Amino acid sequence: MVGGQYKNTNDLILAAESSLALLAQMEDGDVESAPHDLFTDDHSSKHDAPSSYADPESSWELSELAELSTTAPVENSVLDGRAHVKVQFPDGTVEYVDVHAASTTVGTALALAWKKRHHTSKFLDKKHLRGFFQSREVALDWFLLDCGLALEGTLQMHITQASAEWTSLASSSTNHNLSISSAYQVESERHSLAQVNTSIPSVASEPAAEWLEHQVRPEEQAFAAALERFFLKVDMTDNPNALCQHILTEYTNILQAEMAKQDALSATSPFQLRQHHPLDINVGDELRNERNTWRLLFDLRQLSVLRSSQPSPINDDDNDYIDATSSDLDAVAGLDLRPLHATKQTVLSWLESIASEHVSVTSELRNMQHSRTLGRVKQRSLSFSMDPDSTLREGDHHVDKDDVEDDADLLKGVWQLVRAGRLKEAADLCIQLGQPWRAASLSGGTVCGNDDDSELSRWGNPLRILWKQMCWQFAEARPTSNLRKGKSLEAREYEAIVYGALSGNSAALLRSSLCESWEDHCWALLNAAIQYEQDGKLLHLLRLKANATDLFVENQPDYLHLYESFVEQTKSVARFSSNLSTLFNEVAASSSDVVRRQASHPHRRLQSKLIVSDVDSIVSSILKPLFQDPSAEEFSWDLRLNTSALPSDALPPQLVRFASHFVLFMTATGETFDTSTGYLIQKAYIRHLIKHSQHNLVALYASRLPKDGQASIYVQFLTSIRNADARQQGLQSIAKYCCETCPRLFAQITKDAVQVLVQLNESSDDMSRIQALRLLCLDPRHRGELLHQANRLARHFVAERKPSRVKSVLQAVPDDSLAVVHDACRRHVESVDGDASSFSWQHYLDENNPQLDQVIREFLSWTAFVAATDAYDAWRHVLSHSTGGGLPCFDDEEKRVKVLTYHATNAIALLYDVLQFEGGWLSSTTGQDDGTDVSSGAMRAACLPFVVFSLYRVCTDAIESFADLQHYPTQAQQELTLPFAQKALQLASVVANDQYKVYESFDVDQVKQLLHLLQQSASSMLDLQGRIVL
């Protein structure tokens, strides 16, 4: 975090912040006498802390506990590379914790502050904490660096309302319940929790920030948007190649913008710690490597497009296109018509574009002609050589150190420009800084050509090979022992690799410590291979011209012999001319540890295979081992969302996203590779999106899978979302890709998802199971399945002894569902017959869809059951709230009789509707009597006896209520009770009716009980009828 010149400054800043925090606590007096705030422990003693530290169940390391018990000096934490994080509590007070910002999450920082505040090893559960940084909520599993936390930031803590479980635990502790949980919760925590729960309710109810995404790269949204636009246009465009190039450009621009954003953030935050990944992955390097890969793919495709529009290429061993009249430039230009040579040139340009980013030459206009050294010579009347090669002969003892440093800076800039393929700019830089002789030494490799057909107007270096030989020798020359200054040795090293690159001397570059990257080594070998091919072609042309004339100097035998010797000298790189894989294998086997490590990176391995157009090896040999789970025996569409660790989880999220987009792009362009591996990669990225709550992106990537894969992935995606609203939004995103194009698939997805969600498991609750039915409300064509799933869930609730939930199930079904199903059936008839004037719903269901008929019948059965139970509950409510006898007058009793009569009559009618349901309640429905808990027989046995006994109780309760009337004549009371006695006795015929078969739902004990009740009703009925007659 600090170092160098900032060390003392940072120490002062941190010490000042600690002092301010102490003063804030002492604002009202001494610390010990300061008033207790929201989190102050009113009851804990100094002996509580040591006992809590000995807690064997604590998940914190002993080193952390020791850190809390003794306050270490700020300087120690700073020197240890830790950040001094300021945590502000809801009451405005602060606490400081020293943590490693690269590996500590926000939640851990808050928990440490809580622990340090209360001097306890037990802390508030992280799920009750919420962190805010710069007025925005940050996820608890973010690392501190993810939110840019540095010295200038403050991390604010808020605490949510306690859950029911926690509240009950706290209340039990208050009652001195010596449970295991309460034994580890110190009194100070319980006191703080009690205050917190009543102090900040507004914070607990705040919605999560919209920008909050858990450890997800910000460029994922942009990549998904670009991919969606690509798929929308790919089937409509007349120029698919242009569209492919466009999306590659978009990918590159997205990554470039993200890299620039990170650079700008680090530039504006001088105290910003260097960002780390928990797997020791540099995020910036990952973005840069991916950007380079997409750019390489763009360049290779651009070459392929240009090649397809040009004349037929020339074979690599074809020399017939040149003769003695051709110029050197014609011979070199003809190489570009060779496919492999053109590929090398493209890759070389790509490597040079990467190096262009690191060019940082001086823009200061200054004289680099050793002016300081010359001034000192004149003052002291010294005598020694001042030509450019003097230091190589006589050493650098006489050269001013500033002049040596200027030379080193210039040569460094020259090397960077040469490495970036900007040789002309390197020469211009030398001229600008007063060394035109060096510019001339860099420009000797220009190939000869002519402005017109006249040989007399040529330009270029006719003795080019002689210049290259001198450059080669200069690169091979070792520094003399006379060079003592460090900058002189550095300048000589830069000079050697500059001239080694110009002469094609790859060995000089590969052994240099200044070429320590995979790109540098590839460029050195590739540059040497291209120059070897050019020299070979020019040698062939020179031989043709030598046979034709010897008027030119370069056609003389001595020069021809020199040319042949030089080409023979560079023949070691000839093996790369026909096989680029050999080049990359040699780089991978470099003696440099840095280069070997970089060569093993997936992106560089992928780039080497991409250059040789081996896409299948990229997918099967490079990507597959990264994503394949050794424990998986065969491929399946299971995302394994409940598995904590898969191989893809250990990969950087940037690499997972890249692999997914690479596979999708190669599939769209028609490349052949192992499709199962491609699906495996797609699964890994979709799993990553789901695990990190990127729900709006899942449907896009899953839509590119086969139908069976889509069905499985979509169902797992929907069932993994706990929030009903978020699940509905996820379904809407799925509908965009398959609702209209594949309606059957969409129907199957919603059906399977609902079937999974309504099942009882440990993580589900009743309301979430009911809310799952909302998935079938999106498309009107799914209303029939909605009725079926509602019936199924109602059966499960009854089997689970939760009949009260059946009403909530029916309320989740839109009121117009039956009308929607009716209209759908009518439209179907119109589409088939063309005439729906004589449409009959019942006839249609009987003839075309008997299963739907059963579903509707069952839904109506449950509707009748819920209506009956509601009426019964209303009757019981009225009966329990009605006053007993002793009403003051007849009018009051009359009002009471009317209310009781209405509710009793309504309840009896609706209960009889269930018992006398057409065809029998839940008879001949979709649930077969297979002996399961949710079969029709089990449902009837669970519900119908309840309905029968409830109906009987309504009748008897009504009779008893009317018997308590004081102002009604006896004859009137008997007339009021007679209909209810008749309804009670009527149960016998309804239960015994073979049409309704209610009796089949009763067991032996229930039958005995019913017969006993009916016997009492019959006796009461006879007695009542006798009284009325008398």
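**Salt bridges and confidence in the predicted model**

At a relative accessibility of 8%, Arg 783 counts as buried. In this predicted model, the Arg 783 side chain meets that of Asp 816 in a salt bridge, at 3.1 Å from N to O. Arg 783 sits in helix α37 (residues 783-799) and Asp 816 in the loop between α38 (805-811) and α39 (817-833), so the bridge ties together parts 33 residues apart in sequence.

Glu 858 counts as buried because its relative accessibility is 0%, under the 20% cut-off. Arg 795 is buried too, at 4%.

Glu 476 belongs to helix α20 (residues 464-476), while Arg 511 lies in the loop between α22 (506-510) and α23 (518-548), 35 residues apart. Both ends are partly exposed: Glu 476 at 30% and Arg 511 at 42%.

In total, the structure holds 35 salt bridges. Some share partners, joining Asp 285, Arg 288, Arg 291, Arg 295 and Glu 357 into one network.

As for confidence, the chain has a mean pLDDT of 78, with 71% of residues at 70 or more. Helix α28 (residues 602-611) scores highest, at a mean of 96, and helix α7 (residues 180-183) lowest, at 28. Residues 25-79 stay under 50, although the model gives them 73 contacts beyond four places in sequence. Where pLDDT is low, the predicted coordinates should not be read in detail.

Key
Residues numbered from 1 in each chain as written. Predicted model: local features only at pLDDT ≥ 70, side-chain atom pairs only at ≥ 80, totals over all residues. Heavy atoms only, no water. pLDDT = per-residue confidence, 0-100. Helix = DSSP H or I, 4+ residues; strand = E, 2+ residues; numbered from the N terminus. Contact = heavy atoms within 4.5 Å. Salt bridge = Lys/Arg side-chain N within 4 Å of Asp/Glu carboxyl O. Buried < 20%, exposed > 50% of the residue type's maximum accessible area, 1.4 Å probe, protein only.
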